[in-house]
Protein chains: 2
Amino acid sequence: MDNIISTPKVTTGPLPASQKIYITPDDAPDISVPLREITQSVDTEPKIRVYDTTGPYTDPTVAIDVSKGLARVRRGWVTGRGGVEEYAGRAIQPIDNGNVKLDALKPFAHTPKPLRGLDGHNITQYEWAKAGVITKEMIYVAARENLGRKHAHELAAERIADGEGFGATLPDFITPEFVRNEIAMGRAIIPANINHTELEPMIIGRNFLVKINANIGNSAVSSSMEEEVEKMVWAIRWGADTIMDLSTGRNIHDTREWILRNSPVPIGTVPIYQALEKVGGDPTKLSWEVFRDTLIEQAEQGVDYFTIHAGVRLAHVPLTASRVTGIVSRGGSMMAQWCLTEHRESFLYEHFGDICDIMRKYDVSFSLGDGLRPGSNADANDAAQFAELKTLGELTKVAWDKGCQVMIEGPGHVPMHKIKVNMEKQLKECGEAPFYTLGPLVTDIAPGYDHITSGIGAAMIGWFGTAMLCYVTPKEHLGLPDRDDVKVGVVTYKIAAHAADLAKGHPAARLRDDALSKARFDFRWVDQFNLSLDPMTAEKFHDETMPKDAHKTAHFCSMCGPKFCSMRITQDIRDYAKKGMDEMSKKFREGGHELYVAPDKAAD
Amino acid sequence: MDNIISTPKVTTGPLPASQKIYITPDDAPDISVPLREITQSVDTEPKIRVYDTTGPYTDPTVAIDVSKGLARVRRGWVTGRGGVEEYAGRAIQPIDNGNVKLDALKPFAHTPKPLRGLDGHNITQYEWAKAGVITKEMIYVAARENLGRKHAHELAAERIADGEGFGATLPDFITPEFVRNEIAMGRAIIPANINHTELEPMIIGRNFLVKINANIGNSAVSSSMEEEVEKMVWAIRWGADTIMDLSTGRNIHDTREWILRNSPVPIGTVPIYQALEKVGGDPTKLSWEVFRDTLIEQAEQGVDYFTIHAGVRLAHVPLTASRVTGIVSRGGSMMAQWCLTEHRESFLYEHFGDICDIMRKYDVSFSLGDGLRPGSNADANDAAQFAELKTLGELTKVAWDKGCQVMIEGPGHVPMHKIKVNMEKQLKECGEAPFYTLGPLVTDIAPGYDHITSGIGAAMIGWFGTAMLCYVTPKEHLGLPDRDDVKVGVVTYKIAAHAADLAKGHPAARLRDDALSKARFDFRWVDQFNLSLDPMTAEKFHDETMPKDAHKTAHFCSMCGPKFCSMRITQDIRDYAKKGMDEMSKKFREGGHELYVAPDKAAD
């Protein structure tokens, strides 16, 4: 029992009626950008292309071997543009895995030698963008955001967006140059560590599709390494754009290595969690040296973004004393305690320039943590929160000067009427760096349903301009999410992100809504399921009331039953609109009951 | 098997740590207003009073006998103010129950003789309000809205609301006179048929707590009468403020009778559904006579509000022809077809004055139906929808002139950026009559999760001023909701309504959030569960990760585990704020690990 050596089992195979396709941008024949194409049940309806976060796991032509990891397509891109060196890397120490024997999982056997940037060269996407260079990652994300459209005119005729962007400018067609400019302006990031070459690049910014993050991670109380790898694959299957690995405790280094080598999406971490493990769990023993060592360890592995709680300054801490829920961020409370104990600014703040220098070498993006975010509606938008935000804005400029990519983390728990000012202040204080929020939860009274309380706030703040939404599962505040919770959390946040895209006026967002609505109206049940975010659940719910296969093609639904159907009547109205009022009146009068399908003809 | 006579089993008993209490307003010693009082686990924390929709079913001192129905407390109120007569009432005919033998349920045996209003007397709450008279119902709802506060000053000291009401004016304390004035202005209604004397009166209006409605009903495809009665009790247990009985088909009259006689909340119906049954399911055979007969039948039973689709005018129908999803309202499509067939305005529109005269006699409130509401985001805010809204505004004034109470139904499917204008137009067109919306759903791509897609829109439109939100369950578009779906739908809509109350700045709404947040911060797990909208689910989720009883009092949670806890650190910060920086720094330095609870002391 002590020496179980196992290989994670992961979920593979395409989603229903879906095919993985790859787009080659005109100007980059060596780049393949994945999309999912959903085929409808009738030839007269178009295939619908949707953004695809699932990686090779849904491509039946790719053999998945998690012990080898995904193909390292980006390795050539990174080395090809120069300015990097391969080197031996930091030696892995027992303390990296919490000083435990690797009893639950063998170490990953195919770890590549790390790369790092050389001084005096462009390394980060931000540096390349500022230098006017369009990288392959920029070409890749442009094609990806266009959902495979190759030319500006492809959508023009059917553009149906009429949203309100609050200053966001969503072009009909995303060019690589548009991407480059957004990154150079600091308004978007491509989190892409030069050592995470398995990555399918994606972009986070206000003028692109709204993204979502799913948190996974073991904990001191429960969960195993094997579960965490599958959780990553499971979360991206349902639409997670990035994954944060919040693991603590045992096997933390090896777990992360398995996840990174098998992840097609950016992986974020909170390095202070591992640093805390290395000092035995006592925040007051944290130091710059152990933190620096951890940054390098994780950067060499390929972590794409780090949450850094450098905005928790000594003077902010007393501002939280009168809160209802004090400091609820783990990283924030560690730093607050450290500051109080040492009676000075944290090593994160004092060494912020050094941190930038390390992160730049690997192109690890900053996710500047909101360690003082409110943990209840009562504490929303208070002095502590906004004091930290101001500091984060100052640090953003430092990081940009050092050549780093930056996004900013936000709350948390905020009632609806206080959400918008969060976005406005963030844009102003942080120079339009992308905002990345947790929810926010719009009420505190529904533990067990906080995917919903937070999904409401997430949709709104996404509309207002937040670039990425960190999911919340039904287990928030109560326990650790299981597989079903992760799925519900991801689907809820896909709803929030997509609702935001619609409201912002993204030029192509409504295509899927309209296709699904049309399928619904035509009683193409199977198309309605397949076009939805969760086809299995939609079909299961349908079958609970009308289980027979014939009902899948029935021209009615269980709400009205076969005798009367409002959608059928609309078809009559359309005929009427075509044929003229008098003729149709006559037909209606003569036809009478014939207008309704009889129960025994329901499958016609 | 053909003659099963059964009595519905209903769910009774209080919610955890909750006690039913009754408030007697100072000026009305004969009135008892129910509230739920939640007791916390420590004496130092106050009991929290919450609005209680559950009726006598959660009062252990009341013996429930559904075959007899609830006590008819309001009978004396109605007869006491005069202007009504008791009469024999319309004889029940086989066609009222769909021409089937009453095989599934015996008729209700204790139906009271109906009352009706006499000409030349005030009958409706609107008429009394206009006449300057404060009814007992108005006193009742004032006390109910105040959550038991008897005086204006009781909340003043702790008023924590800081919302944005968009023109709504929520007073710190609701007086009966404030209620009377809101009703007289047409801005609020108390749906309370003089024949539904089992009712615990409630108010629907923009300047009161946001309410929610749950739909129940059998259908041609499935469900039984017995299930529907329990669904009502189940839905109000979780917080439904009103119930719409959307039954069709067999035993429709008797089902409604059982529901009404056992319902402490207002019951709404769509009478055209039953009228359609009476003409064999063919909308073209509908007539004023059969509709009138149905109105009287249901008014005598005590239905509190009728959805009347009188706004579907002949000229509106062609406006729907180019929609993606045409007409999706059942009532709307019936009327559209009728108009086309007859080539004239519907009998609902032509006989609107007659309908008012009938509804006034029983004080049945109007819920003017939005028969042309959009069924997809593509169709939101189109010409058909807003043309109908304008007509509903005209009809509102007619109904007011006739002495009737009125609310207005709204959409539907609306992307976020198009929600607010719905509210603004409704207020303007309909003279501030209360708005009652279905969702709206902010995207169409998530069948199976439409409680969430619609919960987002419901929270927003509730904030903007909608007075009542019609719930949507996870089964929307797919099938008929079961018991669990009804609960999830109700809880989701309680979240939306409460989030709206918070954002509008309701003076007492945040008390529950703050109490729960404080319990969370203090690791009073049981209080966190009991203060939540769904204590059982919260506790179940908690126990899945940390099942031991000791963990209920653990000063940590499964997210961080026992070794590190951010909330614990905040207590240190508070001590620091009190004791001064230097002293606490010393303590931290000396204490080291002692600040963290050891796993074996977790239950301390």
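A:Cys470 is buried, with a relative accessible area of 6%. Buried means under 20% relative accessible area, exposed over 50%, and partly exposed in between (1.4 Å probe, protein chains only). B:Cys356 is also buried, at 0%. The cysteine sulfur closest to that of B:Cys356 belongs to B:Cys404, 4.7 Å away and too far for a bond. A disulfide is a pair of cysteine sulfur atoms within 2.5 Å. By this rule, the count over all chains is 0 disulfides.

The model is predicted: local features need pLDDT of at least 70, side-chain atom pairs count only at pLDDT 80 or more, and totals for chains, interfaces and linings use all residues. Residues are numbered from 1 along each chain as its sequence is written, chains are lettered from A and ligands numbered from 1 in the order written, and side-chain values use heavy atoms, without hydrogens or water.

Chain A contains 21 helices and 15 strands. These are DSSP runs (helices H or I, at least four residues; strands E, at least two), numbered from the N terminus. Of its 604 residues, 68% count as buried.

In chain B, the axes of helix H7 (residues 252–261) and helix H9 (residues 288–301) come within 10 Å and cross at roughly 30°. Axes are lines fitted to C-alpha atoms, for helices over the stretch in contact, with angles from 0 to 180 degrees between N-to-C directions. H7(B) is therefore roughly parallel to H9(B), a term for angles under 35 degrees. Contact (heavy atoms within 4.5 Å) involves B:His253, B:Arg256, B:Glu257, B:Leu260 and B:Arg261 of H7(B), with B:Glu297, B:Gln298 and B:Gln301 of H9(B).

Technical notes
Angles under 35 degrees count as roughly parallel, over 145 as roughly antiparallel, 65 to 115 as roughly perpendicular and the rest as oblique.
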